[in-house]
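Here are my notes after going through the side-chain contacts. Have the structure open while you read.

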Amino acid sequence: MNTVRIEYDDRVTRQFLWASVVFGVVGMLAGVWAATELVTHHASSGLSFLNFGRLRPLHTNAVIFAFVGNMLFAGIYYSTQRLVKARMASDRLSQIHFWGWQAIILCAAITLPLGITQSREYAELEWPIDIAIAVVWVVFAINFFWTLAVRREKNLYVAIWFYIATIVTVAVLHIFNNLVLPFGLFASYPVFSGVQDALVQWWYGHNAVAFFLTTPILGIMYYYLPKAAQRPVYSYRLSLVHFWSLIFVYIWAGPHHLLYTALPDWAQSLGMLFSVMLWAPSWGGMLNGLLTMKGAWNKLRDDPILKFLIAGVTFYGMATFEGPLLAIKSVNALGHYTDWIIGHVHEGALGWNGFMAAGMFYWLVPRLYGTKLRSKAAADFHFWIGTLGLLLYLVSMWVGGITQGLMLRATTAEGALQYPSFLETLAAIKVFFWMRLLGGTLYLGGFLLMGWNLLATARSGAAVNGGAEVLDAPKAPSPSARQLLLSKPIVIASVLLVLVTGLGLANLVLAAFFLVLIGMVVVYASIVAPENGYSWHHLLEGKAFLFTGLTLAAVLVGGVAEILPTITVKAAVPVTGVAQRPYTALEPAGRDLYVRDGCYVCHSQMVRSLATDTLRYGSVSRAEEFLYDRPFQWGSKRTGPDLHRIGSKYSNLWQYLHLIDPRATSPGSNMPSYAFLKESQVDLHELSGRLAVLRALGTPYSDTEVAEAAARARKEANLIVADLAKQETRIAPDAELVALIGYLQAVGRNHVPPPPGAAPAPGAPPAPSAAPSAEAPTPADPAKPVPTLANEPQKKATEAVAPKAQ
């Protein structure tokens with residue numbers, strides 16, 4: 001038989017690798033700067049584009065999509081070509097992918113500091129950039145699957161399985177989560193609203209972590225760890241169980257981000273159930289990685305590459321233990337909205353993704369440049385300083401988060417809040433903010449050292465493309481796709497799935513349990529070898545496109561956890577009554593400013609069904625109150641208090657002073673000044689266009705309200721300006737600050753508490769019978785005038801916590 005020489009396209013690997021290193025530095029530097037702003041409000045220098053609310057999304061997008069994104073593409077391009085024994089199908093598509101992705105990152109770096117955002121966590125970019133992401137992703141997918149079609153290695157290795165799952169699932173998530181109706185080049189409103197919008201967002205947000213930050217990195221683990229250790233993967237069967245169970249279970253777990261909210265209880269319980277089940281497949285993958293080192297643990301002493309890879313896998317195990325733990329309702333009640341969640345996220349991003357990236361880079365660069373690593377000692381030092389920095393970061397967030405959670409839940413013997421002011425908890429954990437800053441700086445320092453080491457290594461060699469001699473042999477006969485689809489595992493799964501669908505109509509949780517049992521039966525049937533010596537799954541690995549189709553099917557079955565609750569929630573939310581009054585003309589402009597400046601980053605708008613939440617903030621938030629909220633603003637972290645009952649709680653002057661100088665009303669606040677809002681103007685004439693788009697999405701604005709939006713908004717603004725003038729404060733009616741005050745005075749305004757003994761609204765959790773505290777007064781009577789600072793107690797003006805638009 002003839003042999004064929006293949007030269008791999010390693011140019012694109014080098015391009016993505018260096019882009020990852022550069023953007024890793026940028027993303028981590030943005031993170032260190034954001035951490036600095038938490039310890040001193042002066043760090044933003046009063047500049048709008050440096051405020052924490054805008055900087056934090058820039059940091060997360062840079063780390064996730066620029067650093068980890070470029071890293072995973074580098075790892076995929078290098079390993080795929082060698083695993084399938086074929087050069088990438090199209091060098092041109094590879095280059096379009098690379099330059100297209102960098103253009104998207106550049107657009108994100110420009111738009112996010114300017115406040116152009118959808119305010120959807122991990123999906124902040126606006127619709128033109130979302131379209132560009134979809135196009136570039138399709139280019140990547142075409143090149144990848146085209147390469148699989150011309151491969152010379154018949155069976156797909158486990159790393160390829162995870163790459164396939166990443167490509168198809170991210171496409172589904174991205175499209176579904178970014179269904180919007182534009183009203184300008186860089187502005188839009190989501191198709192979904194309120195509870196539905198929250199559910200869709202966290203279905204995406206949770207699974208973006210799963211299928212962008214986890215599955216591709218697991219594929220990289222299955223390739224680079226055995227290569228570095230010079231050992232085969234510990235268990236093929238374990239990797240098979242790991243893959244199918246992970247992609248099936250992960251997609252269901254999104255609702256655990258919405259525990260104790262207005263989401264229906266059954267949906268919360270379903271999310272918690274599948275989150276807890278994630279322990280098994282996640283730890284199966286971790287153990288498969290660690291046990292690959294069996295017989296080679298002695299290499300760990302001297303090899304910095306293995307140190308990084310094994311530490312990365314260990315942090316993966318820690319993060320995937322902590323995630324299901326935080327999804328348990330009793331633990332979530334303590335940890336959610338605190339820094340514990342921030343620690344958990346960075347455990348995965350810096351410990352799992354960051355260390356796997358470093359190990360892969362140290363292994364790749366010498367091979368890509370035909371030389372040796374410049375300094376093994378520097379790589380070792382990077383490992384230890386990075387580990388120290390990460391541990392400082394994690395411990396500070398764990399301890400600070402739990403401390404704050406306990407303080408917020410603490411009550412006196414009489415049942416009152418022990419720490420009634422949110423600022424008391426902020427002061428207690430400030431030392432942990434300093435520890436966080438130190439830890440992040442150390443981690444960044446280690447990354448910079450790696451950058452120098454890799455650059456010095458590259459300069460000592462020259463760029464080379466790898467290659468291989470492969471047999472140009474005819475493909476052996478194999479069962480057809482039709483035969484595989486009619487085989488035992490698929491038939492068993494189809495029959496049981498029909499039965500479970502019927503069961504699900506009666507009891508969804510029980511049906512979910514039986515779905516897992518089906519998965520176990522199918523996996524067992526697929527790995528048992530038939531008489532010819534080949535298992536069903538072994539034969540499936542030779543059918544790349546059938547494998548892709550079944551992967552997509554496994555993911556879409558889990559999508560029931562998104563589609564069914566969305567439909568159910570919409571049917572359950574009442575559509576009439578005072579709680580459904582849409583925002584008046586000025587208020588959507590103020591709400592859009594709230595979104596633009598990232599207030600959701602530090603504030604929630606969701607009073608959970610917890611006794612201490614209602615004591616602190618007021619009545620439990622109900623599903624029908626969010627019917628016209630686009631996008632939803634429930635938040636995921638409270639650096640400041642919840643704002644859902646803030647409407648009419650403080651005077652217009654109090655809000656004005658708080659936004660100009662937060663410490664004038666809230667001593668000890670770490671919120672930056674938003675004085676720039678006073679000098680910037682709202683274009684009132686574009687409000688008609690905004691209201692028209694909202695009406696098209698279902699908000700019941702009349703033709704008159706849309707046509708007269710500018711005049712009505714100016715009238716509302718003049719009332720606020722007149723009220724401020726009585727307190728000797730002058731401001732223009734079209735100032736952004738006025739619009740934001742108008743919105744803040746409207747948040748929760750329409751709430752009407754249910755009568756005593758009344759059943760909660762469908763889809764809403766029952767509200768605890770607790771009287772609101774000084775931080776959560778009963779919403780003001782709309783017929784009464786808004787109180788002014790002059791007739792408020794001085795204690796309220798100086799101690800009570802107010803909105804911090806961070």
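The points below go through a surface patch, ring contacts and salt bridges.

1. Before anything else, keep in mind that this is a predicted model. The values below are computed from it.

2. Val138, Ile142, Trp146 and Val150 make a nonpolar patch of about 360 Å². Ile142 belongs to helix 4, which covers residues 127-149.

3. On to the aromatics: the whole structure has 52 aromatic pairs. One of them is Phe243 with Trp244, an edge-to-face pair with 4.9 Å centre to centre and 80° between the planes. Both partners are worth a look in the surface view. Phe243 is buried at 0% relative accessibility, and Trp244 also counts as buried, at 14%.

4. Is the next pair stacked or tilted? The ring centres of Tyr674 and Phe676 are 5.5 Å apart and the planes meet at 40°, so this pair is tilted. Tyr674 is buried, its relative accessible area being 0%, and Phe676 is buried as well, at 16%.

5. Two charges over rings also deserve a mention. Arg82 has its charged end over the ring of Tyr78, 3.6 Å from the ring centre. For Lys329, the charged end sits over the ring of Tyr260, with 5.8 Å to the centre.

6. The salt bridges come next, and the structure holds 20 of them. Among them is Asp380 with Lys307, where the closest N and O atoms are 3.2 Å apart. Asp380 is in helix 14 (residues 376-409) and Lys307 is in helix 11 (residues 304-327), so this pair ties together parts 73 residues apart in sequence. Lys307 is buried, with 10% relative accessible area.

7. Asp613 and Arg638 form another salt bridge, at 3.3 Å between the closest N and O atoms. The pair links distant parts of the chain, 25 residues apart: Asp613 lies in helix 24 (residues 611-617) and Arg638 in the loop between helix 24 and helix 25 (652-660). Asp613 is buried at 5% relative accessible area, and Arg638 is buried at 3%.

Notes
Residues numbered from 1 in each chain as written. Predicted model: local features only at pLDDT ≥ 70, side-chain atom pairs only at ≥ 80, totals over all residues. Heavy atoms only, no water. Patch = residues over 30% accessible without salt bridge, like charges linked within 9 Å, V, L, I, M, F, W, Y side chains within 5 Å. Areas by Shrake-Rupley, 256 points an atom, 1.4 Å probe, with all protein chains shown as cover. Salt bridge = Lys/Arg side-chain N within 4 Å of Asp/Glu carboxyl O. Helix = DSSP H or I, 4+ residues; strand = E, 2+ residues; numbered from the N terminus. Phe/Tyr/Trp six-rings, centres within 6.5 Å; stacked < 30°, edge-to-face > 60°. Buried < 20%, exposed > 50% of the residue type's maximum accessible area, 1.4 Å probe, protein only. Lys NZ or Arg CZ within 6 Å of the ring centre and 35° of its normal.
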